[in-house]
Amino acid sequence: MDQRIGVVLSGGGHRGAAHAGMLKAMEEFNLEPDVISGSSAGAIVGAIYAAGHSPETILDIFKNIKLFSFSFYARRKAGIIDSERFEDILKPYFTSNSFENLQKTLLITTTNIVKGEVRVFEKGPLIPSILASAALPGIFTPIPIEDSLYSDGGVLDNFPVSPLLGKSLDIYGSYVCPLKKLSVKDFKHSYNVIDRAVNLMMHNTSVQKFELCKMVFSPDSLEEFGLFKTGQADRIFQIGYDHASKKLAAQKM
């Protein structure tokens, strides 16, 4: 019996398109995952892939989604963008709003911002947990689930390996948050500061978990792309694909 495969998908905003490229490369090397653990952007990619959609479909989503559409601005909520407005965008990609109807096992990491702890969702309603995991605090409104509030899984666990441990899996990781070398002049706008703070927070705890994986894909060239930088999905997808293809080819030699 072939060894079952688990994949960890980190957060990383629009850099999440690289996850789709990585998944395409894994398919070409006959390494299709059985179990997916995702946080933030990784939760979006993981859920759509677990529903049976192709890496190319995921790429199209990153190309077409408009995060800062005027109609998505929050009113009387704790955030700039209303996370729940994205529910209608996600619905068409799922046969039902349920973990149980996915084609692959999916685990989504979120942050309970009331209790200050990680919660991993793997059953029940699907879309609220996806929206919660991707809801970057201060930018996207938190999602109410079961009398509490949930936000970006990357706050406490941006590279969620832990949910896959003990499941007899070969674990492959896709980490799309490399640290960019910056100078003082690079911090001209508020989003530059937010982007850097989020990256620092995510990076330090994430890289310590790389040793728990059989292989980690983390292209350094992704450092030139910010969390919210749109219009570059094709390039980001290709970077993820090329990087993973090269590492997997080297492994076979």
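Q: Is the β-α-β unit made by S1, H1 and S2 left- or right-handed?
A: This is a predicted model: local features need pLDDT of at least 70 and side-chain atom pairs count only at pLDDT 80 or more, while totals for chains, interfaces and linings use all residues. Residues are numbered from 1 along each chain as its sequence is written, and side-chain values use heavy atoms, with hydrogens and water left out. Helices (H or I, at least four residues) and strands (E, at least two) are DSSP runs, numbered from the N terminus. A crossover is right-handed if, with the strands pointing away from the viewer, the path from the first strand over the helix to the second runs clockwise, and the unit of S1, H1 and S2 is right-handed.

Q: How many bridges join S1 to S7?
A: Two strands pair if DSSP finds at least two bridges between them. S1 pairs in the parallel sense with S2 (residues 35-39) over 4 bridges, and Gly6 has Val35 in S2 as its bridge partner. S7 also runs parallel to S1, with Val8 opposite Gly173. The number of bridges between S1 and S7 is 6.

Q: How many of the residues of strand S1 are buried?
A: Buried means under 20% relative accessible area, exposed over 50%, partly exposed in between (1.4 Å probe, protein chains only). Strand S1 (residues 4-9) is largely enclosed by the rest of the structure, because the buried share of its residues is 5 of the 6.

Q: Which helices do the buried residues of H3 pack against?
A: In helix H3 (residues 55-64), Pro55, Ile58, Leu59, Ile61 and Phe62 are buried. Seen down the axis, they fall within an arc of 155 degrees, so they line one face of the helix; the arc is that of the directions from the helix axis to the C-beta atoms. Their packing partners are H1 (17-28), H2 (41-50) and H7 (233-252).

Q: Which residues does Met26 touch, beyond those up to four places away in sequence?
A: Met26 is one of the residues with the most contacts inside the largest nonpolar core, which has 57 residues. Such a core is a set of buried Ala, Val, Leu, Ile, Met, Phe, Trp, Tyr and Cys residues joined through side-chain atoms within 4.5 Å. Contact means heavy atoms within 4.5 Å, and Met26 touches Ile5, Val7, Leu31, Glu32, Tyr172, Phe217 and Leu248.

Q: How many degrees lie between the planes of Phe159 and Tyr175?
A: Rings of Phe, Tyr and Trp (its six-membered ring) pair if their centres lie within 6.5 Å; planes under 30 degrees apart count as stacked, over 60 as edge-to-face and the rest as tilted. Both Phe159 and Tyr175 are buried. Their pair is edge-to-face, at 5.9 Å centre to centre, and the angle is 90 degrees.
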